[in-house]
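Here is a short tour of one protein model and its ligand.

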Amino acid sequence: MLAHCLEQESSDSSWIDIPDGVLELYEQAGRPRPLVRARRLEEKLKTPARLYYKAEFYSPTGSHKVNTALAQAYYALEEGYERLSTETGAGQWGTALAYAASLAGLDLIIYWVRAVYKWKNERRGFMKAYNATVRASPSKETQVGRELLQSDPDHPGSLGIAVSEGLEEAGKDDRTIYCLGSVLNHVLLHQTIIGLETKKQFEMADDYPDVMISCLGGGSNFGGFVIPFVADALKGRKIHFIATQSEAAPNLQGEYKYDFADHAELTPMIKMYTLGHKREMEPIRADGLRYHGAAPIISLLRHHGYIDTIAYPADEKYVFERAHTFITTEGFLPAPESAYSVTGAIDEAVRCKETGEEKAIAFNISGHGLLDIEAYREKLAI
Ligand SMILES: *Cc1c(COP(=O)(O)O)cnc(C)c1O
């Protein structure tokens, strides 16, 4: 792990400064990003609730992942590395790191979960446009990969397996450092830029959220969005935090215990809500939500009763239909993962209609789905 990130991982400081160089990169990448009142969606739903979405999809590569990618590539350059290695599931993290590595002048090798690598041709091309090397995982290039391919030559892979391959790659070469796109404390720290901006934007709007909703795979966009508000909740302010997930990987409903973050048990054990690191999970279109464990910070908050969760059916029809309502009223096309945030927000707004409650509902749209039209075509039968 990068020295800077390792230090941040176990820091007990309330605040850690963002380096000027990273702030400059954030501006270059279009920060701050808007917080938008979804008036047309409110009208369509005839809800008394006020709906606000944070538009993380205004991102060079399409998702919030650039927030930590830029910071990690910046630190890697500062620490003298020449090459990065990583894993990717849905492909958003791989693209974000490919972009950040390219701007920093670093090489990058990406292990990409095979089940997704196969169908996301455009995103593969996107990563290659940044000169990244992309391999389907499990691959023949690592020992973990070779063993799995022996038992199944067309193994679909998983995020846990791809993490193992990325780690093995970095272990072979002193100039290469492994970067992780979610789950860990330093990643959530980098993502708090989302919530910090949102807090200021609510001040400007003279409002404050009663409910905050986002999708949760490993926990980085959810954590980045809500953690600056958790500070207020810990002081007694009532905010209902809801993490939306898929029944294919409802990790927040798993067991709270120590577990590995990867398939091959190369990582330290992490205390988290987990489904078990060897768990097989059926592929879904929102593949970024298909991970066995939730970030330790979010897990602890859940353990203490601060975080609620809901898991939607793995056929994803309901979720894509809800996203469709958003597309036809607000006009932006959410990433399949972000469709789960939208679904949570619409469900809550519909509940408010039934009870007459005038709640302020904030949800984070972690990415756009412009490279996932195939998923919309399938799920909406269009
Ligand atoms: C990766 C990803 C997610 C899920 O990961 P988290 O770490 O839980 O945020 C959600 N949405 C998008 C667009 C992603 O790329």
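## The ligand and its contacts

Start at Gly217, where a polar backbone atom is 2.7 Å from an oxygen atom of the ligand. Please keep in mind that this is a predicted model.

The ligand sits in the largest cavity. Around the ligand are 17 residues, the closest being Lys65, Ser182, Gly217, Ser220 and Ser366. Sorted by class, this shell holds twelve polar, three nonpolar and two charged residues.

## Cis peptide bonds

Now for the backbone. The peptide bond from Arg31 to Pro32 is cis, with omega near -5°. You will find Pro32 in the loop between helix H2 (20–28) and strand E1 (35–37).

Ser137 and Pro138 are likewise joined by a cis peptide bond, with omega about 5°. Pro138 belongs to the loop between strand E5 (133–137) and helix H8 (143–151).

## Positive phi angles

Asn131 is not a glycine, yet its phi is positive, near 70°. Asn131 lies in the loop between helix H7 (121–129) and E5. Is Asn131 buried or exposed? Its relative accessibility is 67%, and the cut-off for exposed is over 50%, so Asn131 counts as exposed.

Ala381, also not a glycine, has a positive phi of about 50°. Ala381 is located in the segment after helix H15 (373–380), and it counts as exposed because its relative accessibility is 68%.

Technical notes
Residues numbered from 1 in each chain as written. Predicted model: local features only at pLDDT ≥ 70, side-chain atom pairs only at ≥ 80, totals over all residues. Heavy atoms only, no water. Near = heavy atom within 4 Å. Polar contact = N/O pair within 3.5 Å; in protein donor to acceptor, adjacent residues only side chain to side chain. 1 Å grid on protein atoms, 1.4 Å probe; cavity = no way out; pocket = protein on both sides within 12 Å on 5 of 7 lines; lining within 4 Å. Sits in = over half its atoms within 2 Å of the grid points. Nonpolar A, V, L, I, M, F, W, Y, C, P; charged D, E, K, R; others polar. Helix = DSSP H or I, 4+ residues; strand = E, 2+ residues; numbered from the N terminus. Buried < 20%, exposed > 50% of the residue type's maximum accessible area, 1.4 Å probe, protein only.
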